[in-house]
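Please look over the model shown here, moving from its charges and overall dimensions to its domains and then to a single loop residue.

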Amino acid sequence: MAKLTVSKTAGFCFGVNRAVEKVYKALDEGKQVATLGPLIHNRDAVNDMIKKGARVIEEVSELRQGEYVVIRSHGVGRDVYEKIHALGNPIIDATCPFVAKIHKIAAEKTAEGYFILIAGDEHHPEVQGIVGHCEQNYFVFKDEIVLKAFFERNSQKKLAIISQTTYNNIIWGECLKVLPEDDPNIVVYDTICTATEQRQTDSAALAADSDLMIVIGGKHSSNTVKLYDICSRHCRTYHIENADELDTLDLSNAEKIGITAGASTPATIIKEVVTTMEEILNKENPTEEDIDFAQAIDETFKKLHTGSRVKGCVMAVNNSEVIVDLGAKQTGSVPASELSNDPSKKPSDLVNVGDELELIVIKVSDQDGMATLSKKRVDEQAGVEKVIKAKEEETVLEAEVAASVKGGVNVFYEGVRVFIPASQTGLPREADLSELKGKTVKFVIIEAPERRKSAVGSIKAVTRREKEAAKKKFWETAEIGKEYEGEVKSLTSYGAFVDLGGIDGMVHISELSWNRIKHPSQVVSVGDVLKVYIKDLDQEKDRISLGYKRAEDNPWEKFLSDYEIGDIVEAKIVSITTFGAFAQIIEGVDGLIHISQLADRRVENVKDVVSVGDIVKVKITNIDEDSKRISLSIREALNDADDYEDEDEEE
Ligand code: F3S
């Protein structure tokens, strides 16, 4: 006995199914119903509705008084609604929610001054409906070539680009390549519905695993013909409209038979085909294993319950919501506010078309066929558990600061809001907390989240912890003479504090320069990186004295190597006392010119002979290396010069 398998996405997509159900419901309630055009491309299904009392009309003007008018899943333009309202007929609006979403985008963007570009077939009723929401402010293009030509001829500033739900995905990709890159005036909405694509993928997979495929659907239904084409690439395939044609088929030599159906094929016809097949194959009691049709249909009509968790595939993303396919009768909508707790994130920052999301059902409305869902609640539940665990295990977490708020900043970790009070940010009291916005920070949880209350975190605790670890590491290896490279963190009148990697050491002012300086800022600034070495250590008091001056830069050593007693040099008067004047020979080395050595005559007052800043010629008369004292004499320098002149004259 051959095994029968029905593709799980065979037949109506949810949009068409929803429309059909609405009509049967109205007919069951005894309403007079007229559909504005055939509801679906399936003669049998349309005939069945007609048999049950529905009428098919082409124009609004054909409506009878009080008759309910059904708007098909393709939707209609605004003018059609207006005409119906004018006549006063009640409306059963079966516009597919995906199509209704496109109408909304078209209307909103038109109102915002955008020009609407529509990818699709201008003759298709869905496109004609979309056009009716654009206030004559649109252009329909069928492919990238037409779109390119549009850009060459037009220079509209603000453009909103949308597509027919059944638009070809590959051509859409090509069209996107034509768009100017990163133009903020162009907004693109991927409004292609994946129901058709999914049906084709599922059918191809089933065909690949079958010996024979039966494709059910109208002979002129383009999507059914396409399915036939796809399946016949994998195995022997038949295209039938209904169960009556089964007799004509050769079902021999097929162990595994797959069944799929086009978008307009009602479940009743699929079921009839399956039942007839069973009879033909002489199978009386089909087992669950043999026929999974019922299961496939059940899945198609999955029930949604408020509070339950469901999976949904992202169909479209816009600034205000994400539309998901839940495999249920209702279309799923995740409002932006239910995507994430982080107000700085747009839906497109968080999800992409095609993503599978785990969601919680917040509200189900059978009336408008929509279900409202939340992603953030799922994330929060998982996030809360992670945050509680992080608190228990004192784990350091990392996240971006989302906003500065009253008294602190907010970060979001795995969907959970963590408030970091200003005192725990590690910034000084008067600092502007908005500086942290957008920065990734490390923090620990100091208070776990509670019902309606966010978690509380601390950046400071992490910094403190890191400092302590760095300090511990420092003391393990620190020793006198060891060299470090560190940044100057602060300056005081007595020295500079240098960060040695989590711990600060101090360079005393006397260590900063060989010259006498009044303030460390004369030689270093905050932020400078210095090469220092440890001069002294006191671990108990956490005190580290650093050396900065290098012996090779010692001016006294330089002086000794370059000068000797008897040299006559030019020196600068740097200070004056009652007993003489100090003159600088090189930077950092001064010598004393005693009052008796200031001139070749008796000097009463030093100031009568020299002033600070004067450059004078002096002779080095003595160098006391122990006390680092140098004696200088102008008088001897003058005498030597005289002797030299005398010698010249004698010659
Ligand atoms: Fe069907 Fe609606 Fe998609 S009618 S094909 S579910 S846009």
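The 81 positive and 113 negative charges of the protein chain have mean positions 8 Å apart, where Lys and Arg count as positive and Asp and Glu as negative, with His and the chain ends not counted, and where each charge is placed at NZ of Lys, CZ of Arg, CG of Asp or CD of Glu. This is a predicted model, in which local features need pLDDT of at least 70 and side-chain atom pairs count only at pLDDT 80 or more, while totals for chains, interfaces and linings use all residues. Residues are numbered from 1 along each chain as its sequence is written, and side-chain values use heavy atoms, leaving out hydrogens and water.

The radius of gyration of the protein chain, taken over C-alpha atoms, is 44 Å, whereas a compact globule of 651 residues would have one near 26 Å by the rule of 2.2 Å times the number of residues to the power 0.38. Along the principal axes, the C-alpha atoms fill a box of roughly 145 × 60 × 50 Å.

The chain is divided into domain 1 (97–192), domain 2 (309–374), domain 3 (381–452), domain 4 (478–553) and domain 5 (556–650), with bounds from an automatic or database domain assignment. The centres of domain 4 and domain 5, taken over C-alpha atoms, are separated by 35 Å.

Ser493 lies in the loop between strand E23 (483–492) and strand E24 (495–499), strands being DSSP runs (E, at least two residues) numbered from the N terminus.

Technical notes. Helices (H or I, at least four residues) and strands (E, at least two) are DSSP runs, numbered from the N terminus.
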